Amino acid sequence: MIKLRDLTLEELKQYMIELGQPPFRAKQIYDWLYKGVTEFSAMGNIPIDLREKLAETCQIDPLQVLREQKSNVDGTRKFLFGLPDGNAVESVYMEYKYGASVCVSSQAGCRMGCAFCASGIDGLVRNLTAGEMLSQVLDIQRETGKPISHVVVMGTGEPFDNYEQLVKFIRLLHAPEGYGMSMRNITVSTCGLVPCIRRFGKDLPQVNLAISLHAPTNALRSELMPINRKYGLSMLLPAVRDYAQETGRRVTFEYALIHGVNDTVEVIGQLIQLIRGMLCHVNLIPLNEVNETGFGTVGRAKAREIATRLEDAGIPCTVRRQLGADIDGACGQLRLAARKSL
Ligand code: SF4
(Lines give C-alpha, C1' and ligand atoms only; values in the text may rest on other atoms or scores of the structure.)
Protein backbone atom coordinates (compact mmCIF):
# COMPACT_ATOMS: atom_id res chain seq x y z
CA MET A 1 0.00 0.00 0.00
CA ILE A 2 1.20 3.51 -0.78
CA LYS A 3 1.22 5.88 2.20
CA LEU A 4 -0.03 9.12 0.70
CA ARG A 5 1.17 11.46 3.46
CA ASP A 6 4.74 10.28 2.75
CA LEU A 7 4.60 11.51 -0.85
CA THR A 8 5.81 14.73 -2.39
CA LEU A 9 3.56 16.24 -5.04
CA GLU A 10 6.04 15.08 -7.68
CA GLU A 11 5.86 11.48 -6.40
CA LEU A 12 2.06 11.59 -6.43
CA LYS A 13 2.11 12.94 -10.01
CA GLN A 14 4.27 9.99 -11.03
CA TYR A 15 1.73 7.63 -9.49
CA MET A 16 -1.12 9.34 -11.36
CA ILE A 17 0.82 8.88 -14.62
CA GLU A 18 1.29 5.17 -13.77
CA LEU A 19 -2.47 4.90 -13.33
CA GLY A 20 -3.05 6.61 -16.69
CA GLN A 21 -4.54 9.68 -14.98
CA PRO A 22 -3.83 13.31 -15.86
CA PRO A 23 -1.08 14.69 -13.55
CA PHE A 24 -3.35 17.53 -12.31
CA ARG A 25 -5.27 14.93 -10.29
CA ALA A 26 -2.23 14.76 -8.00
CA LYS A 27 -2.65 18.41 -6.98
CA GLN A 28 -6.37 17.87 -6.35
CA ILE A 29 -5.67 14.88 -4.09
CA TYR A 30 -2.83 16.77 -2.39
CA ASP A 31 -5.20 19.65 -1.58
CA TRP A 32 -7.58 17.23 0.15
CA LEU A 33 -4.76 15.62 2.10
CA TYR A 34 -3.51 18.93 3.44
CA LYS A 35 -7.05 20.02 4.30
CA GLY A 36 -6.98 17.05 6.66
CA VAL A 37 -9.40 14.85 4.72
CA THR A 38 -8.88 11.22 5.69
CA GLU A 39 -11.47 9.41 3.54
CA PHE A 40 -11.21 9.02 -0.25
CA SER A 41 -15.00 9.20 -0.45
CA ALA A 42 -14.81 12.83 0.74
CA MET A 43 -12.62 13.91 -2.20
CA GLY A 44 -15.49 15.49 -4.11
CA ASN A 45 -13.70 16.55 -7.31
CA ILE A 46 -12.00 13.16 -7.87
CA PRO A 47 -13.83 10.75 -10.24
CA ILE A 48 -15.42 7.83 -8.43
CA ASP A 49 -13.37 5.17 -10.26
CA LEU A 50 -10.13 6.91 -9.25
CA ARG A 51 -11.33 7.20 -5.65
CA GLU A 52 -11.98 3.45 -5.69
CA LYS A 53 -8.53 2.76 -7.13
CA LEU A 54 -6.96 4.97 -4.43
CA ALA A 55 -8.86 3.12 -1.71
CA GLU A 56 -7.48 -0.20 -3.06
CA THR A 57 -3.85 0.90 -3.39
CA CYS A 58 -3.23 3.77 -0.95
CA GLN A 59 -3.55 4.62 2.73
CA ILE A 60 -3.89 8.02 4.38
CA ASP A 61 -3.22 6.66 7.88
CA PRO A 62 -4.42 9.42 10.20
CA LEU A 63 -3.07 8.92 13.71
CA GLN A 64 -5.38 7.54 16.33
CA VAL A 65 -5.71 9.53 19.56
CA LEU A 66 -5.04 6.94 22.29
CA ARG A 67 -4.91 9.41 25.12
CA GLU A 68 -5.03 13.17 25.57
CA GLN A 69 -4.18 15.45 28.48
CA LYS A 70 -5.27 19.07 28.48
CA SER A 71 -3.80 21.74 30.72
CA ASN A 72 -6.35 23.82 32.60
CA VAL A 73 -3.75 26.56 32.98
CA ASP A 74 -2.47 27.45 29.51
CA GLY A 75 -4.28 25.38 26.85
CA THR A 76 -1.37 22.98 26.27
CA ARG A 77 -2.62 19.64 24.97
CA LYS A 78 -0.55 16.51 24.99
CA PHE A 79 -1.50 13.67 22.65
CA LEU A 80 -0.53 10.04 22.69
CA PHE A 81 -1.01 8.91 19.10
CA GLY A 82 -1.27 5.32 17.94
CA LEU A 83 0.59 4.40 14.76
CA PRO A 84 -0.83 1.81 12.34
CA ASP A 85 1.70 -0.85 13.50
CA GLY A 86 0.66 -0.55 17.16
CA ASN A 87 3.47 1.75 18.30
CA ALA A 88 2.68 5.04 20.02
CA VAL A 89 4.24 8.51 19.95
CA GLU A 90 3.66 11.76 21.81
CA SER A 91 3.04 15.18 20.35
CA VAL A 92 2.29 18.42 22.17
CA TYR A 93 0.15 21.38 21.11
CA MET A 94 1.12 24.73 22.66
CA GLU A 95 -0.36 28.21 22.36
CA TYR A 96 1.82 31.31 22.23
CA LYS A 97 1.13 34.98 21.50
CA TYR A 98 2.55 34.49 18.00
CA GLY A 99 0.46 31.40 17.15
CA ALA A 100 0.08 27.69 17.78
CA SER A 101 3.02 25.34 17.84
CA VAL A 102 3.33 21.57 17.71
CA CYS A 103 6.18 19.62 19.25
CA VAL A 104 6.74 16.64 16.98
CA SER A 105 8.33 13.25 17.77
CA SER A 106 10.76 11.89 15.19
CA GLN A 107 11.18 8.33 16.50
CA ALA A 108 9.26 5.82 18.61
CA GLY A 109 11.64 5.66 21.58
CA CYS A 110 15.22 6.88 21.38
CA ARG A 111 18.63 5.24 21.58
CA MET A 112 20.57 8.25 22.87
CA GLY A 113 20.04 7.32 26.53
CA CYS A 114 20.12 10.79 28.12
CA ALA A 115 20.01 10.26 31.87
CA PHE A 116 17.28 12.84 32.58
CA CYS A 117 14.88 11.77 29.83
CA ALA A 118 11.89 9.43 30.01
CA SER A 119 11.83 8.90 26.23
CA GLY A 120 15.06 6.96 26.13
CA ILE A 121 14.27 4.58 28.98
CA ASP A 122 13.12 1.75 26.68
CA GLY A 123 15.55 2.49 23.84
CA LEU A 124 14.69 2.95 20.18
CA VAL A 125 11.72 1.08 18.75
CA ARG A 126 11.79 2.50 15.22
CA ASN A 127 12.17 5.61 13.10
CA LEU A 128 9.06 7.49 12.05
CA THR A 129 8.46 8.20 8.38
CA ALA A 130 8.17 11.75 7.06
CA GLY A 131 4.42 11.17 6.68
CA GLU A 132 4.09 10.07 10.31
CA MET A 133 5.78 13.28 11.44
CA LEU A 134 3.52 15.30 9.13
CA SER A 135 0.48 13.46 10.50
CA GLN A 136 1.23 14.79 13.98
CA VAL A 137 0.79 18.33 12.64
CA LEU A 138 -2.23 17.61 10.41
CA ASP A 139 -4.04 15.53 13.04
CA ILE A 140 -3.43 18.02 15.86
CA GLN A 141 -4.80 20.72 13.56
CA ARG A 142 -7.85 18.50 13.04
CA GLU A 143 -8.25 17.83 16.80
CA THR A 144 -7.78 21.44 17.93
CA GLY A 145 -9.35 23.22 14.96
CA LYS A 146 -6.47 25.73 15.12
CA PRO A 147 -4.01 26.46 12.31
CA ILE A 148 -0.50 25.43 13.30
CA SER A 149 2.03 28.18 12.57
CA HIS A 150 5.17 26.70 14.16
CA VAL A 151 6.75 23.28 14.55
CA VAL A 152 9.53 22.18 16.88
CA VAL A 153 11.05 18.74 16.42
CA MET A 154 11.80 18.21 20.09
CA GLY A 155 9.54 15.35 21.08
CA THR A 156 10.60 11.73 21.48
CA GLY A 157 13.65 10.71 19.46
CA GLU A 158 16.84 12.23 18.14
CA PRO A 159 15.83 13.85 14.82
CA PHE A 160 19.31 13.57 13.27
CA ASP A 161 19.29 9.82 13.99
CA ASN A 162 16.48 9.73 11.39
CA TYR A 163 18.02 12.33 9.10
CA GLU A 164 16.59 11.46 5.67
CA GLN A 165 13.00 11.25 6.88
CA LEU A 166 13.42 14.42 8.96
CA VAL A 167 14.56 16.40 5.92
CA LYS A 168 11.74 14.99 3.82
CA PHE A 169 9.22 15.92 6.54
CA ILE A 170 10.48 19.50 6.66
CA ARG A 171 10.29 19.75 2.87
CA LEU A 172 6.72 18.40 2.90
CA LEU A 173 5.76 20.85 5.65
CA HIS A 174 7.33 23.76 3.79
CA ALA A 175 6.15 22.95 0.24
CA PRO A 176 3.86 25.78 -0.97
CA GLU A 177 1.57 23.22 -2.63
CA GLY A 178 1.32 21.34 0.70
CA TYR A 179 1.29 22.87 4.18
CA GLY A 180 3.30 25.96 3.21
CA MET A 181 4.98 26.58 6.56
CA SER A 182 7.89 29.00 6.55
CA MET A 183 11.26 27.32 7.17
CA ARG A 184 11.92 30.02 9.76
CA ASN A 185 8.99 28.75 11.83
CA ILE A 186 10.53 25.29 12.11
CA THR A 187 13.08 24.33 14.78
CA VAL A 188 15.02 21.09 15.08
CA SER A 189 16.69 20.11 18.32
CA THR A 190 19.62 17.69 18.45
CA CYS A 191 21.61 16.17 21.28
CA GLY A 192 24.71 16.77 19.16
CA LEU A 193 25.27 14.42 16.21
CA VAL A 194 28.09 16.51 14.81
CA PRO A 195 28.26 15.25 11.19
CA CYS A 196 24.51 15.88 10.81
CA ILE A 197 24.80 19.41 12.25
CA ARG A 198 27.27 20.19 9.47
CA ARG A 199 25.06 18.55 6.83
CA PHE A 200 21.87 20.24 8.07
CA GLY A 201 23.43 23.70 7.79
CA LYS A 202 23.94 23.02 4.09
CA ASP A 203 20.68 21.15 3.39
CA LEU A 204 18.23 23.40 5.24
CA PRO A 205 20.04 26.60 6.28
CA GLN A 206 16.82 28.51 7.03
CA VAL A 207 15.54 26.10 9.66
CA ASN A 208 16.32 26.96 13.29
CA LEU A 209 18.74 24.72 15.12
CA ALA A 210 18.72 24.00 18.85
CA ILE A 211 21.43 22.04 20.62
CA SER A 212 20.64 20.14 23.82
CA LEU A 213 23.73 21.16 25.74
CA HIS A 214 22.79 20.65 29.41
CA ALA A 215 26.40 20.63 30.67
CA PRO A 216 29.52 22.69 29.96
CA THR A 217 32.23 20.09 30.64
CA ASN A 218 32.92 16.74 29.02
CA ALA A 219 32.91 14.95 32.37
CA LEU A 220 29.42 16.13 33.34
CA ARG A 221 27.97 16.05 29.82
CA SER A 222 29.14 12.47 29.23
CA GLU A 223 27.49 11.46 32.47
CA LEU A 224 24.17 13.04 31.43
CA MET A 225 24.35 12.41 27.69
CA PRO A 226 26.23 9.36 26.41
CA ILE A 227 26.46 10.90 22.90
CA ASN A 228 29.11 13.21 24.33
CA ARG A 229 31.52 10.26 24.55
CA LYS A 230 31.44 10.07 20.77
CA TYR A 231 31.10 13.76 19.92
CA GLY A 232 32.66 15.67 22.79
CA LEU A 233 32.53 19.42 23.30
CA SER A 234 35.74 19.92 21.30
CA MET A 235 33.88 18.58 18.24
CA LEU A 236 30.42 19.96 19.03
CA LEU A 237 31.32 23.60 19.67
CA PRO A 238 33.32 24.10 16.44
CA ALA A 239 30.46 22.51 14.45
CA VAL A 240 27.99 24.93 16.06
CA ARG A 241 30.29 27.91 15.41
CA ASP A 242 30.70 26.90 11.76
CA TYR A 243 26.94 26.40 11.44
CA ALA A 244 26.26 29.89 12.82
CA GLN A 245 28.86 31.44 10.56
CA GLU A 246 27.73 29.66 7.39
CA THR A 247 24.00 30.17 7.90
CA GLY A 248 24.13 33.52 9.72
CA ARG A 249 21.63 32.01 12.14
CA ARG A 250 21.76 32.14 15.91
CA VAL A 251 21.82 28.72 17.54
CA THR A 252 19.81 28.00 20.67
CA PHE A 253 21.45 26.04 23.46
CA GLU A 254 18.88 24.14 25.47
CA TYR A 255 19.91 23.81 29.09
CA ALA A 256 17.63 21.79 31.39
CA LEU A 257 18.35 22.86 34.95
CA ILE A 258 18.84 19.85 37.22
CA HIS A 259 18.97 20.56 40.91
CA GLY A 260 22.46 20.19 42.38
CA VAL A 261 23.89 18.82 39.10
CA ASN A 262 24.29 21.56 36.50
CA ASP A 263 22.84 24.60 38.29
CA THR A 264 25.68 25.37 40.70
CA VAL A 265 27.64 28.64 40.68
CA GLU A 266 30.72 26.78 39.49
CA VAL A 267 29.02 24.94 36.61
CA ILE A 268 27.22 28.06 35.38
CA GLY A 269 30.61 29.82 35.40
CA GLN A 270 31.96 27.05 33.16
CA LEU A 271 28.97 27.44 30.85
CA ILE A 272 29.71 31.15 30.47
CA GLN A 273 33.35 30.40 29.64
CA LEU A 274 32.32 27.84 27.04
CA ILE A 275 29.86 29.84 24.96
CA ARG A 276 30.62 33.52 25.58
CA GLY A 277 31.05 35.37 22.27
CA MET A 278 29.14 32.85 20.16
CA LEU A 279 26.15 33.75 17.98
CA CYS A 280 23.79 31.97 20.34
CA HIS A 281 20.95 32.14 22.78
CA VAL A 282 20.41 30.01 25.89
CA ASN A 283 17.03 28.55 26.73
CA LEU A 284 16.96 27.57 30.41
CA ILE A 285 14.42 24.84 31.08
CA PRO A 286 13.25 24.18 34.61
CA LEU A 287 13.18 20.37 34.30
CA ASN A 288 9.81 18.69 34.66
CA GLU A 289 10.40 15.99 37.21
CA VAL A 290 10.41 12.49 35.77
CA ASN A 291 10.14 9.97 38.55
CA GLU A 292 11.92 7.24 36.61
CA THR A 293 15.13 9.27 36.28
CA GLY A 294 15.37 10.49 39.86
CA PHE A 295 16.45 14.04 38.94
CA GLY A 296 15.08 17.02 40.84
CA THR A 297 13.72 20.22 39.37
CA VAL A 298 14.91 23.80 39.88
CA GLY A 299 12.40 26.51 40.77
CA ARG A 300 11.70 29.48 38.49
CA ALA A 301 13.29 31.94 40.93
CA LYS A 302 16.58 30.05 40.73
CA ALA A 303 16.26 29.80 36.95
CA ARG A 304 15.76 33.60 36.73
CA GLU A 305 18.83 34.12 38.90
CA ILE A 306 20.93 32.00 36.52
CA ALA A 307 19.45 33.81 33.52
CA THR A 308 20.51 37.17 34.97
CA ARG A 309 24.03 35.88 35.45
CA LEU A 310 24.24 34.74 31.83
CA GLU A 311 22.78 38.01 30.56
CA ASP A 312 25.28 39.97 32.65
CA ALA A 313 28.00 37.99 30.84
CA GLY A 314 26.53 39.14 27.50
CA ILE A 315 24.77 35.84 26.68
CA PRO A 316 21.13 36.27 25.55
CA CYS A 317 18.96 34.00 27.64
CA THR A 318 15.35 33.09 28.32
CA VAL A 319 13.68 30.88 30.88
CA ARG A 320 11.25 28.62 29.07
CA ARG A 321 7.64 29.00 30.09
CA GLN A 322 6.64 25.82 31.86
CA LEU A 323 3.80 24.90 29.58
CA GLY A 324 1.49 22.15 30.69
CA ALA A 325 3.09 21.88 34.12
CA ASP A 326 -0.19 20.50 35.46
CA ILE A 327 -0.08 17.57 33.01
CA ASP A 328 2.68 15.02 32.36
CA GLY A 329 4.85 17.64 30.73
CA ALA A 330 8.23 16.04 30.12
CA CYS A 331 8.86 14.24 26.87
CA GLY A 332 8.13 10.52 27.10
CA GLN A 333 6.06 10.72 30.27
CA LEU A 334 2.67 10.09 28.69
CA ARG A 335 4.00 7.18 26.67
CA LEU A 336 5.58 5.65 29.77
CA ALA A 337 2.46 6.21 31.85
CA ALA A 338 0.28 4.63 29.16
CA ARG A 339 2.56 1.60 28.88
CA LYS A 340 2.38 1.05 32.63
CA SER A 341 -1.39 1.22 32.69
CA LEU A 342 -1.92 -1.03 29.65
S1 SF4 B 1 16.64 13.94 25.50
FE2 SF4 B 1 16.18 13.61 23.33
S3 SF4 B 1 18.05 12.60 22.55
FE4 SF4 B 1 18.12 12.39 24.77
S5 SF4 B 1 17.15 10.38 25.21
FE6 SF4 B 1 15.55 11.97 25.33
S7 SF4 B 1 14.62 12.00 23.30
FE8 SF4 B 1 16.60 10.97 23.10
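**Aromatic pairs and the open sheet**

A search of the whole structure finds six aromatic pairs, where rings of Phe, Tyr and Trp (its six-membered ring) pair if their centres lie within 6.5 Å, and planes under 30 degrees apart count as stacked, over 60 as edge-to-face and the rest as tilted. Please note that this is a predicted model, in which local features need pLDDT of at least 70 and side-chain atom pairs count only at pLDDT 80 or more, while totals for chains, interfaces and linings use all residues. Residues are numbered from 1 along each chain as its sequence is written, and side-chain values use heavy atoms, leaving out hydrogens and water.

One of the pairs is Tyr-96 with Tyr-98, stacked at 5.0 Å centre to centre with 5° between the planes. Another, Phe-160 with Tyr-163, is tilted, at 5.7 Å and 55°. Phe-160 and Tyr-163 are both buried, that is, under 20% relative accessible area, with exposed meaning over 50% and partly exposed in between (1.4 Å probe, protein chains only). Together with Phe-200, these two residues form one aromatic cluster.

I turn now to the sheet. It is open and mixed, with 10 strands in the order β3-β4-β5-β6-β9-β10-β11-β12-β13-β14; strands are DSSP runs (E, at least two residues), numbered from the N terminus, as are helices (H or I, at least four), and two strands pair if DSSP finds at least two bridges between them. β3 (64–70) and β14 (317–319) stand at the edges with a single partner each, so one side of each lacks a neighbour in the sheet. Strands β6 (residues 99–103) and β9 (residues 150–153) run parallel, joined by three bridges; Val-102 has Val-151 in β9 as its bridge partner.
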